[in-house]
Amino acid sequence: MTLISAAVDDFRKVRPERLRPLAALKAFRRLIRDKEDTVQVFRIMQALSGRSISRGYQRMLSTMEGGRQAFLREELAHKLDDPVWLARFQPGTVGATYRAFREARGFTADGLAEVEREVVPSIDAPHPVVWYSRRLRDVHDVWHILTGYQTDALGEACVVAFSYGQTRNLGFAFIGWGAAREIQRENRSVPARRAVLQAWRHGRAARWLPALDYEALFAEPLETARARLNLRPPTVYDRVPAEARAALKLRG
């Protein structure tokens, strides 16, 4: 099965009124003109998420750890933006790697949340399924760390393809495959489609990440965590020279 055939199968399972593909296409065209326009990512996700969020929450409840996390209902963004909490983690751990990742880029979890509020004003609602949606948003940069994909255009395309493998959210499939197509048009020497396809397969093969205890995960050595969670190395992505990845503009 390919990423495209999987997405088509998922598309057919969602009632048409739950999806707005034209809105997603319009937002994607804006995104490829400016890959920093994160608002468009949330517009695409809002248009194509369908039932994947509610299905994911139900899946959390079906496992012991997921059910515990759902019961605690902690807001990951609060911890991820707490420098005192992040300072606890020893070198080589997931937490220390995440700390260096965000410091180098100036990212904050609340910054991403502010962007989403422009598109989904109800995202802070005290509702369990909405809480799960916030959780998926807040772990995005953590999944960069776990998977090994950087924040260049190809790396972002791969992370969202991996996320589709984890969540079956059509918004992730749309962004990942669409971005790969645009990257391939920009630079044919970059194997964007193969990298994205591999990322999706790795997402399907890995343990299910949304239900994890992220505080415990952050204290774990990164390589140990990757092995435990069956997170395979991104070999296709890694073979693309860093300078070639950095040069990608993803502009239409």
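Which residues is Ser163 in contact with, leaving aside its neighbours within four places in sequence? I looked this up and found Trp143, Arg168 and Phe172, where contact means heavy atoms within 4.5 Å.

Before going on, I noted that this is a predicted model, in which local features need pLDDT of at least 70, side-chain atom pairs count only at pLDDT 80 or more, and totals for chains, interfaces and linings use all residues. Residues are numbered from 1 along each chain as its sequence is written, and side-chain values use heavy atoms, with hydrogens and water left out.

**Ser163.** I placed Ser163 in helix 12; helices here are DSSP runs (H or I, at least four residues), numbered from the N terminus. Ser163 counts as buried because its relative accessibility is 2%, the cut-offs being under 20% relative accessible area for buried, over 50% for exposed and in between for partly exposed (1.4 Å probe, protein chains only). A polar atom of the Ser163 side chain lies 2.8 Å from the backbone oxygen of Val159.

**Leu154 and Leu86.** Not counting residues up to four places away in sequence, I found that Leu154 touches Ile183, Val190, Ala192, Ala195, Tyr237, Val240, Arg245 and Leu248. Leu86 is in helix 7 (residues 83-86) and counts as buried because its relative accessibility is 4%. With the residues up to four places away again left out, Leu86 touches Lys79, Leu80, Tyr98, Arg99, Arg102 and Phe218.

**Helix 3.** In helix 3 (residues 38-48) I listed Val39, Gln40, Phe42, Ile44, Met45, Ala47 and Leu48 as the buried residues. What covers them includes helix 2 (21-33), helix 9 (109-119), helix 10 (128-138) and helix 13 (170-186).

**Backbone angles.** Which residue just after helix 3 takes a positive phi? I found Gly50, with a phi of about 55 degrees. Arg73, although not a glycine, has a positive phi of about 50 degrees, and sits in the loop between helix 5 (64-72) and helix 6 (76-80). Asn230, also not a glycine, has a positive phi of about 60 degrees, and lies in the loop between helix 16 (222-228) and helix 17 (235-238).

Terms used. Helix = DSSP H or I, 4+ residues; strand = E, 2+ residues; numbered from the N terminus. Polar contact = N/O pair within 3.5 Å; in protein donor to acceptor, adjacent residues only side chain to side chain.
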